[in-house]
Amino acid sequence: MNPSEPVTTRRPVPVDELITSLCITVPDYPEPGISFKDLTPVFANPTAFRSVVESLVEPFRGQFDAVAGVEARGFLLAAAAAYATDTGVVTVRKAGKLPRAVFAEDYALEYGTATLELHTSDLPAGSRVLILDDVLATGGTLGAATRLFERCGIHVAGVGVVMELGELRGRSALTGHRVRSLLRL
């Protein structure tokens, strides 16, 4: 390197720009009129995935004992976040997928209804959990997940999502909880 040449440094790409550049919108999926936000290309890119996980965890660092992922893409985020923070990971599953005693919570989707379940004994009462998922839309899924943990006596330290669809007002289903979204549309 010539000492008279200017030193250039590359600034890291902000996480919201990484998400925007890699996310694919799939029209009419899973049914006509729904525009599905496919974040799997974000997760497949190592730089973007690391940035997403770090950005979701950072505001809650030191405030949780475990990370929970909501089926199914939330599992990817929760496992990576738990590993990165040396904490445990818990899964919030669709009905009928867990073998031991569960709490169940019904909720509305933008295109139907569903049920989530959580083992009643995966974490001791009084634990603190950070709940992660890919998209906050109507808030039905994440609202149900927060209620499940509360029923188990577990404190919800916060909720983190990669993308929030603001027009669907999902945040209103999470009143009283800290919500971190990396990209708001």
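These exercises, each with a worked solution, walk through a predicted model.

The model is predicted, so local features need pLDDT of at least 70, side-chain atom pairs count only at pLDDT 80 or more, and totals for chains, interfaces and linings use all residues. Residues are numbered from 1 along each chain as its sequence is written, and side-chain values use heavy atoms, with hydrogens and water left out.

**Exercise 1. Glu71**

Find where Glu71 sits, decide whether Glu71 is buried or exposed, and name its polar partner.

Step 1: Glu71 lies in the loop between β3 (66-70) and α4 (73-85). Helices (H or I, at least four residues) and strands (E, at least two) are DSSP runs, numbered from the N terminus.

Step 2: check accessibility. Buried means under 20% relative accessible area, exposed means over 50%, and partly exposed is in between (1.4 Å probe, protein chains only). Glu71 has 18% relative accessibility, so Glu71 counts as buried.

Step 3: look for polar contacts. Such a contact is a pair of N or O atoms within 3.5 Å; within protein, one must be able to donate a hydrogen and the other to accept it, and residues adjacent in sequence count only if both atoms are side-chain atoms. The side chains of Glu71 and Arg93 make a polar contact at 2.6 Å.

Step 4: list the other contacts (heavy atoms within 4.5 Å). Setting aside neighbours within four places in sequence, Glu71 touches Val92, Arg93, Lys94 and Lys97.

Step 5: inspect the backbone. The peptide bond joining Glu71 and Ala72 is cis, with omega about 0°. Ala72 is also placed in the loop between β3 and α4.

**Exercise 2. Aromatic pairs**

How many aromatic pairs does the whole structure hold?

Step 1: set the rule. Rings of Phe, Tyr and Trp (its six-membered ring) pair if their centres lie within 6.5 Å; planes under 30 degrees apart count as stacked, over 60 as edge-to-face and the rest as tilted.

Step 2: count. The search finds two pairs.

Step 3: classify Tyr29 and Phe36. Their ring centres are 5.3 Å apart and their planes stand at 85°, so this pair is edge-to-face.

Step 4: classify Phe43 and Phe49. Here the centres are 5.7 Å apart and the planes at 70°, so this pair is edge-to-face.

Step 5: Tyr29 is partly exposed at 45% relative accessibility. Phe43 is buried, at 11% relative accessible area. A cis peptide bond, omega about 10°, joins Tyr29 to Pro30. Pro30 belongs to the loop between β1 (24-27) and β2 (35-38).

**Exercise 3. Helix α5**

Work out why α5 is described as largely enclosed by the rest of the structure.

Step 1: check the length. Helix α5 (residues 140-151) has 12 residues. It reaches 16 Å from first C-alpha to last, close to the 16 Å expected at 1.5 Å a residue. The expected span is 1.5 Å times one less than the number of residues.

Step 2: count buried residues. Nine of the 12 residues are buried, so α5 is largely enclosed. Among them are Gly140, Leu142, Leu148 and Phe149.

Step 3: find the cover. It includes β3, β4 (88-94), β5 (102-109), β6 (112-119), β7 (128-136) and β8 (155-164).

Step 4: look past the end. Just after α5, Gly153 takes a positive phi of about 80°.

**Exercise 4. Asp134 and Arg178**

Find the polar contacts of Asp134 and Arg178.

Step 1: take Asp134. This residue is in strand β7. Its relative accessibility is 4%, so Asp134 counts as buried. A polar contact of 2.3 Å joins its side chain to that of Arg73.

Step 2: widen the view. Beyond neighbours within four places in sequence, the contacts of Asp134 include Leu39, Phe43, Leu77 and Val161.

Step 3: take Arg178. This residue is in the loop between β8 and β9 (179-184). At 40% relative accessible area, Arg178 is partly exposed.

Step 4: find its partner. A polar atom of the Arg178 side chain lies 3.0 Å from the backbone oxygen of Pro59. Beyond neighbours within four places in sequence, Arg178 also has contacts that include Phe60, Gln63 and Gly158.
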